[in-house]
Amino acid sequence: MASLAERRMDDAEEVPVEEVQVGPHARPEELRLLEALLFAASEPLDQATLAKRMPDGVDIKVALAQLQVDYASRGVNLIRVANKWTFRTAGDLSWLMTRESTETRRLSRAAIEVLAIIAYHQPITRAEIEEIRGVVTSKGTLDVLLETGWIKPRGRRKTPGRPLTFGTTETFLSQFSLEAIGDLPGLEELKGTGLMDSRLPTGFTVPSPSDDPTLRDDEDPLDAGDLELALVSVVEPENENGGEG
């Protein structure tokens with residue numbers, strides 16, 4: 001009587017060789033190349049950069065779409081952030097990383113408000129932020145947001161004093177998993193989440209955000225050393241007079 005191992009070998013020999021797909025030839029070569037490039041990259045890569053490394057005749061859009069489907073149910077997913085492609089841990093497995101993650105600082109309410117205003121109203125100056133909030137914006141609030149890399153000076157307003165204008169960065173999009181700044185929630189979405197009172201003043205709107213890097217007509221290019229100047233301290237308001245907490 002044949003042993004169990006021998007019977008298993010006999011069964012395996014009955015499977016046609018052409019039906020067994022193993023090794024590197026089991027998948028199209030362009031998908032293997034894309035995997036290698038994306039796994040080796042230290043930061044997300046845009047479509048043009050990936051296309052340059054592909055063989056002639058490869059449709060990079062189709063290849064990326066296929067690779068995204070291939071990884072949809074795996075432990076890592078292929079996602080697009082700020083129009084660039086990268087592998088990220090699948091969202092439902094993020095809990096596995098909690099023990100390895102570093103402790104993060106919570107943003108103050110003031111910092112969250114300023115970040116939201118910049119995201120929706122960019123390009124915007126410190127004075128314009130203060131006009132919207134109704135309080136003076138402290139040095140520390142902008143310091144924190146600049147240090148995170150979520151905002152940056154982008155130009156100077158063509159008004160007396162030539163104040164700096166601020167906008168969001170690709171790091172901001174990556175942090176909040178946004179493909180584009182236009183993916184921020186609109187008025188109806190904000191109402192639906194309960195983050196905004198449904199009884200708003202007549203005519204109240206939420207602006208459509210744009211992070212187009214092209215300077216506006218009312219902006220001049222940055223001067224040397226503008227990042228340091230962005231952190232110049234201002235007089236801190238007293239809490240009891242409506243200042244930041």
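This is a predicted model: local features need pLDDT of at least 70, side-chain atom pairs count only at pLDDT 80 or more; totals for chains, interfaces and linings use all residues.
Reader: Let's start with helix α5 and helix α6, at what angle do they pack?
Author: Helix α5, which covers residues 109-121, and helix α6, which covers residues 126-133, pack at an angle of about 115°, and their axes are 10 Å apart. That makes α5 roughly perpendicular to α6.

Reader: And is the crossing of α5 and α6 left-handed or right-handed?
Author: The crossing in which α5 passes α6 is right-handed.

Reader: Which residues make that contact?
Author: From α5 the contact takes in A110, E113, V114, I117, I118 and H121, while α6 contributes I129, I132 and R133.

Reader: What does the side chain of R133 make a polar contact with?
Author: The side chain of R133, a residue found in helix α6, makes a polar contact with the side chain of E113, at 2.9 Å.

Reader: Okay, and is R133 buried or exposed?
Author: R133 is buried, because its relative accessible area is 18%, and the cut-off for buried is under 20%.

Reader: Now what about α5 and helix α7, how do they pack?
Author: Helix α7 spans residues 139-148, and it packs with α5 at an angle of about 65°, with the two axes 9 Å apart. Here, too, α5 passes α7 in a right-handed crossing.

Reader: Which residues are in the contact of α5 with α7?
Author: On the α5 side they are A110, A111, V114, L115 and I118, and on the α7 side they are T141, L142 and L145.

Reader: Which residues of α7 are buried?
Author: In α7, the residues T141, L142, D143, L145 and L146 are buried. The helix is then followed by G149, whose phi is positive, near 85°.

Reader: What is the phi of N83, and where does it sit?
Author: N83 is not a glycine, yet it has a positive phi of about 60°, and its place is in the loop between β2 (76-81) and β3 (84-89).

Reader: And S177, where is that, and is it buried or exposed?
Author: S177 has its place in the loop between α8 (170-175) and α9 (187-193), and its phi is near 50°, a positive value in a residue other than glycine. S177 is exposed, because its relative accessible area is 51%, where exposed means over 50%.

Conventions. Residues are numbered from 1 along each chain as its sequence is written. Side-chain values use heavy atoms; hydrogens and water are left out. Axes are lines fitted to C-alpha atoms, for helices over the stretch in contact, and angles run from 0 to 180 degrees between N-to-C directions. Helices (H or I, at least four residues) and strands (E, at least two) are DSSP runs, numbered from the N terminus. Angles under 35 degrees count as roughly parallel, over 145 as roughly antiparallel, 65 to 115 as roughly perpendicular and the rest as oblique. A crossing is left-handed if the near helix is turned anticlockwise from the far one by less than a right angle, and right-handed if clockwise. Contact means heavy atoms within 4.5 Å. Buried means under 20% relative accessible area, exposed over 50%, partly exposed in between (1.4 Å probe, protein chains only). A polar contact is a pair of N or O atoms within 3.5 Å; within protein, one must be able to donate a hydrogen and the other to accept it, and residues adjacent in sequence count only if both atoms are side-chain atoms.
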